[in-house]
Amino acid sequence: MLAAVAALLLPLTTATTAHADPVSTCAPQGTLPVAGGEYTLQANEWNSTAQQCVTYSSGTAWSLTTADFNLPTNGAPATYPSLFKGCHWGDCTPNSGMPIQISKLGSAVSSWSTVQPASGAYDVAYDLWINSTPTTAGQPDGTEIMIWLNSRGGVQPFGGKSGTSAAAGRNWDVWTGRQTSWKIISYVLQGGGTSVSNLDVKALIDDAVGRGSVDPAHYLIDAEAGFEVWQGGQGLATTGFSFSASAAGSGGTGSDTQAPTAPGGLNVTGTTATSVSLGWSAATDNVGVTAYDVYRGGALVGTTAGRSYTDSGLTAATAYTYTVKARDAAGNTSAASAPVTATTSSGSNGGGGSGCSASYTVSNDWGSGFTADGTVTNSGTSATRSWTVSWTYPGSQRVTNSWNATVAQSGAAVTAASLAYNGALAPSAETHFGFQGTYSGGNAVPVLTCTAT
């Protein structure tokens, strides 16, 4: 099935410092800044719990160093580790030149060289996101353009083959389809390849406009390049990558240099022994605020597209001071908000139970909805067969969908139960689940109880 299902990827966590030496992340949604922060390397494992590690070496070079996936190729891929530039679900790289309205796009050029193992099932593909407005904190609603340089293992793009194209001086098979709220068009390079040099991406975007798949009034907000993997994956690598886009003349939004105003009204909305929940008022910007960076004691601890955040993993009975900065799509950052201090409670947050412990953190929050990442750990001395996590919301939160667990809600009470493939945990082993929800008012993380059999 299509690569485009990767559109449902979870929002990202953010790393904050560039790395001169090789460094890896094995977190499913881990990120690393690349090339001095010009790009972000995202692990993006969203449809599997198998171990994956991505390693950044230098420049824009990175590789998939741990991966042995085994999913059927008629469904969604396990992962899409990739470099991105622009704004991915509200997480934005600085000075990307995007968003750019399609009708004002002057140029978009990319070079990319890869290493492709001779086994496995995967594609080597760009993923360009186009939205009806200059910013979005969630799923873009315009068009997803995928550019496949190569594939193996019988995987195919989403939709059906609708024609061919000679755009950008190469021959492509064109596939088109539609998801619930966005269009998809894929360009598959005939004969495949391991690299491109100075690929005229604008020519492909123009071709998509001509086919009615892209609205010229919409905005290019993000460009990604990586590997959708169904089977295998270890050894896939990028040895060099560049992407640049600019608006024609001086009228494009890529020339934005105005910083947002500082967020106001930062306040503590809730505390537990290990977490602090915060809320604040919206900042303003001449184009639009795309993200808020949350700082604890001057160190960046998280980024969200919404106006609330829960900082977890803290020490009981300890005071912490927070500030928040606003950021726009061009990477302009506001001054810090007024600080606020919170003290965690002295008791337990109730994350324990019988044979296991559980916690969840809000990974993205956009003011009326959120996504959360849950962790279940076997705290006993023998292996589990299954587990159930339960909690009661103090507010109006409602779970709308979930992954890696069966989540049910009755009133304010919620349960998350293991699935057939992730209920068995060795002592001290952990697994992860996630869900999306809506709310109004506060969004504090509740007390969790975990029970294992």
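These legends describe close-up views of strands in a predicted model.

**View 1. Strand β15 is largely enclosed by the rest of the structure.** The strand covers residues 183-189.

**View 2. Strand β12 runs parallel to β15.** β12 spans residues 143-152. Six bridges join β12 to β15.

**View 3. Strands β14 and β15 form a hairpin.** Four residues lie between the two strands. β14 takes in residues 172-178 and runs antiparallel to β15. Seven bridges hold this pairing on record, joining β14 to β15. Here valine 174 has tyrosine 187 of β15 as its bridge partner. Strands of a sheet pair through backbone hydrogen bonds, in either a parallel or an antiparallel manner.

**View 4. Three strands make an open sheet in the order β19-β20-β23.** The pairing is antiparallel. β19 (264-271) and β23 (308-311) are the edge strands, and each pairs on one side only. Neighbouring strands of this sheet are turned against each other by 20° on average, direction ignored.

**View 5. β19 pairs with β20 in antiparallel fashion.** β20 consists of residues 276-281. Five bridges join β19 to β20. Glycine 264 stands opposite serine 281, which belongs to β20. β19 is an edge strand, with a pairing on one side only.

Note on methods:
Residues numbered from 1 in each chain as written. Predicted model: local features only at pLDDT ≥ 70, side-chain atom pairs only at ≥ 80, totals over all residues. Heavy atoms only, no water. Buried < 20%, exposed > 50% of the residue type's maximum accessible area, 1.4 Å probe, protein only. Pairing = 2+ DSSP bridges. Axes fitted to C-alpha atoms, helices over the stretch in contact; angles between N-to-C directions.
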